[in-house]
Amino acid sequence: MERMKPVYERFIENPDFTKPDFVELIKCAEDPEAVRKLKEEAVRIREIYYGKKVFTRGLIEYTNYCKNDCYYCGIRKSNTNAKRYRLTEDEIMACCENGYELGFRTFVLQGGEDAYYTDDRMVEIIKKIKEAYPECALTLSIGEKSYESYKRFREAGADRYLLRHETANEEHYRKLHPEKMSLAVRKNCLYDLKKLGYQVGAGMMVGSPYQTTEDLAEDLVFLKELQPEMVGIGPFIPHHDTQFAKEPAGSVEMTLFLLAVIRILLPKVLLPATTALGTMDPLGREKGLQAGANVVMPNLSPVKNRKQYELYDNKICTGEEAAECRGCMGRRVASVGYELVTERGDAV
């Protein structure tokens, strides 16, 4: 009788797993052979669809005001120590101009859920960016909105939308968020964005407080069901002004393991090697690329505001100018055999 194959080999052959399968698979993160095989397969798959290309996204963190109070976040509403700022329309446009000259062809407008930026204001900003840079992609990462708002942004020219689901398990979600926030609303937003034709990004924190292997398995089931074009994951990093200040950070190894798993599960996905990885490990982003990632997100925000957009402690690259950031990133990417390109980098 043939001995049953290890779970990671079964996953490589057919990634159509259920939650119990994923639980078993995640337990392989401790097994060096499983990790090696999964990373190899992840790299093989990303090279089929994207070759050696690594796409850049120019991040513009335009407001750190937020109406939400997520327990893990440094810019949560009740953090009275946060120094708040908002970029003007001119400052946002200057970030785009700088980024465009440096070869960025995707801009990511990211901010807290800030009521100052009404739908009308956002539509105006979106139109302005798209008129000035018609060949560039514009990604929004501005939280939970109504279907109507998403529709207006899409019609104004927004191409992509990042909305990490953070955790797909209701019970776990409750431990990370205040009562009035809802996982059902979050998931519904993601499905609305899909309906409207955005390239959609979801994702979760790895190693957030109270997270279990079962929770991570549920995240993978949700990603399989949602079929997003982008998935952003990074290790949980505590922030000193939150109730999780003393919690341990998430593991780089588990994050890299899950990057490889997600690449195999969603072969064409755009997968960033996140700043959080680079914060936890000086070579974290390079290792991310070697586990199947194909996107990096250098910061285009004004240097004077970068420290203030502090979602977690010790965030890297808050001091350098965008040009230095882009140059450094190009060298880092080349050091592991990939090439930083200036294309828009849409999902295939």
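Predicted model: local features only at pLDDT ≥ 70, side-chain atom pairs only at ≥ 80, totals over all residues.
The crossing of H2 and H10 is right-handed. H2 covers residues 19-26 and H10 covers residues 252-265, and their axes come within 11 Å, with a crossing angle of roughly 140°. That angle makes H2 oblique to H10.

On the H2 side, the contact is made by Phe22, Leu25 and Ile26. On the H10 side, the residues are Met254, Phe257, Leu258, Val261 and Leu265. By class, this contact has eight nonpolar residues, with no polar and no charged ones.

Staying with H2, which of its residues are buried? They are Phe22, Val23, Leu25 and Ile26. These residues cover an arc of only 165° around the axis, so they sit on the same side of H2. As a reminder, an α-helix has 3.6 residues a turn, so residues three or four places apart point the same way. And what do the buried residues of H2 pack against? Their partners are helix H1, residues 7-13, helix H3, residues 32-50, helix H9, residues 213-226, and H10.

Helix H4, residues 89-101, and helix H5, residues 119-132, have axes that come within 11 Å and cross at roughly 30°. Angles under 35 degrees count as roughly parallel, which is why H4 is described as roughly parallel to H5. The crossing of H4 and H5 is right-handed.

From H4, the residues in contact are Glu89, Ile92, Met93 and Cys96. They meet Glu124, Ile125, Lys128, Ile129 and Ala132 in H5. How does the contact of H4 with H5 divide by class? There are six nonpolar, no polar and three charged residues.

Is Arg46 buried or exposed? Its relative accessibility is 0%, so Arg46 counts as buried.

Leaving out residues up to four places away in sequence, Arg46 touches Gly51, Lys52, Lys53 and Val54, among others. Further along the chain, its contacts include Arg263, Leu289, Gly292, Ala293, Asn294 and Tyr338.

For a distance, take Arg46 and Glu135. In sequence, 89 residues separate Arg46 from Glu135. In space, their C-alpha atoms are 25 Å apart.

To go back over the two pairs: H2 is oblique to H10, whereas H4 is roughly parallel to H5. The contact of H2 with H10 has no charged residues, and that of H4 with H5 has three.

Technical notes: Residues numbered from 1 in each chain as written. Heavy atoms only, no water. Axes fitted to C-alpha atoms, helices over the stretch in contact; angles between N-to-C directions. Helix = DSSP H or I, 4+ residues; strand = E, 2+ residues; numbered from the N terminus. Parallel < 35°, antiparallel > 145°, perpendicular 65-115°, else oblique. Left-handed = near helix turned anticlockwise from the far one by under 90°. Contact = heavy atoms within 4.5 Å. Nonpolar A, V, L, I, M, F, W, Y, C, P; charged D, E, K, R; others polar. Buried < 20%, exposed > 50% of the residue type's maximum accessible area, 1.4 Å probe, protein only. Arc of directions from axis to C-beta.
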